[in-house]
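This report is written to be read alongside the sequence and the coordinates. Please keep both in view while going through the sections.

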Amino acid sequence: MAAHEPVSESEQAPDRIPLEEVYMRMAEELAKRSTCARLQVGSVITTSDLTQVLGIGYNGNARGLPNRCDSSKPGNCGCIHSEQNALIKAGAQLPGKVMFVSASPCVMCAKMIINTNVGRVYYREAYRDPAGLDVLRQAGVEVVHYDRWRNHWRELGAHPKGA
C-alpha cells in the first residue's frame, strides 16, 4: 500500500483542528517526556474511529531503572521505544487500531505494530532508516506521512480563519 503524500499547508484548512492533528500533537508532546539522549519519540494509539485513546508511550528506560540511556552508543542506548510502550498499554486483540508517531518506526517496532493489529500508522518525521515503513507497507498496514496542519491552531483559542 502506498504512503499518502503530505498535504500542502496552502490547502484550505478545516474550521476546527482535525483529530489526526490532535493525536499527532499529543505524540509530539509525549516525546518531550523521553529520557533518550539521541532521539525523543512519542506515540498515541486510538480506536479506528479515533474516538478513544487506547495507549500512549515515549521512549526511555524501563520503569524503576534510571531515567537515562544505558549507553551513548547509537542503536544501543537501551531505551524502550515509544511504539513499544504504547503497544504494551493498548493490547493486541482489537483490530484496526490507529497509531500516531512523532518519528516513523524502526523495523522491530514495525513488526510489533503489525502483530498487534494496528491498521494505520501516521508519522510526522521520517526516521533515518525508512525500512520500518517498508515493512509496514509489505504487511498491508496503511502508512501516512502526516504534516498537514502542523502550523495551524498553535495559539490557545486560535482559529485558522481568525473567527
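The sections below go from the overall fold to single helices, side chains and backbone angles.

## Overall architecture

The model described here is a predicted one. The protein chain contains 4 helices and 5 strands, and read from the N terminus these elements follow the order α-β-β-α-β-α-β-α-β.

Of the 163 residues in the protein chain, 42% are buried, and the accessible surface amounts to about 9,000 Å², with 51% of that area belonging to carbon and sulfur atoms. Among contacts with a separation of 6 or more in the protein chain, 59% are between residues 24 or more positions apart.

## Helix α4 and its buried face

Helix α4 covers residues 131-138, and its buried residues are Gly 132, Leu 133, Val 135 and Leu 136. When the helix is viewed down its axis, these buried residues fall within an arc of 160°, and they therefore line one face of α4. As background, an α-helix has 3.6 residues a turn, so residues three or four places apart point the same way.

Against which elements do the buried residues of α4 pack? They pack against α3 (107-115), β4 (118-125) and β5 (142-145). Just after α4 the backbone reaches Gly 140, which takes a positive phi of about 85°.

## Aromatic pairs

The structure holds 3 aromatic pairs. In one of them, Tyr 23 and Phe 100 have ring centres 5.4 Å apart and planes at 45°, so this pair is tilted. Because Tyr 23 belongs to helix α1 (residues 19-31) and Phe 100 to strand β3 (residues 97-103), the pair ties together parts that are 77 residues apart in sequence. Both partners are buried, Tyr 23 with a relative accessible area of 7% and Phe 100 with a relative accessible area of 0%.

A further pair is formed by Tyr 122 and Tyr 146, whose ring centres lie 5.6 Å apart with their planes at 90°, so this pair is edge-to-face. Tyr 122 sits in strand β4 and Tyr 146 in the segment after β5, so the pair ties together parts that are 24 residues apart in sequence. Tyr 122 and Tyr 146 are both buried, and ring pairs link Tyr 23, Phe 100, Tyr 122 and Tyr 146 into a cluster.

Leaving aside neighbours within four places in sequence, the residues in contact with Arg 124 include Glu 21, Met 24, Arg 25 and Glu 28, together with Val 101 and Ser 102. Also among them are His 145, Tyr 146, Asp 147, Arg 148, Arg 150 and Arg 154.

## Asn 59, a buried loop residue

Asn 59 lies in the loop between β2 (53-58) and α2 (82-90), and at 6% relative accessibility this residue counts as buried. The side chain of Asn 59 is joined to that of Ser 34 by a polar contact of 2.7 Å, and it reaches the backbone oxygen of Leu 39 at 2.6 Å.

When residues up to four places away in sequence are not counted, Asn 59 touches, among others, Ser 34, Thr 35, Cys 36, Leu 39, Gln 40 and Val 41. Ile 80, His 81 and Ser 82 are also touched by Asn 59.

Leu 50, placed in the loop between β1 (42-46) and β2, has a phi near 65°, a positive value in a residue other than glycine. This leucine, Leu 50, is buried, with a relative accessible area of 9%.

Asn 117 likewise has a positive phi of about 65° although it is not a glycine, and its place is in the loop between α3 and β4. With a relative accessibility of 33%, Asn 117 counts as partly exposed, whereas Leu 50 is buried.

Methods. Residues are numbered from 1 along each chain as its sequence is written. This is a predicted model: local features need pLDDT of at least 70, side-chain atom pairs count only at pLDDT 80 or more; totals for chains, interfaces and linings use all residues. Side-chain values use heavy atoms; hydrogens and water are left out. Buried means under 20% relative accessible area, exposed over 50%, partly exposed in between (1.4 Å probe, protein chains only). Helices (H or I, at least four residues) and strands (E, at least two) are DSSP runs, numbered from the N terminus. The arc is that of the directions from the helix axis to the C-beta atoms. Contact means heavy atoms within 4.5 Å. Accessible areas come from the Shrake-Rupley method with a 1.4 Å probe; for residues, only the protein chains shown count as cover. A polar contact is a pair of N or O atoms within 3.5 Å; within protein, one must be able to donate a hydrogen and the other to accept it, and residues adjacent in sequence count only if both atoms are side-chain atoms. Rings of Phe, Tyr and Trp (its six-membered ring) pair if their centres lie within 6.5 Å; planes under 30 degrees apart count as stacked, over 60 as edge-to-face and the rest as tilted.
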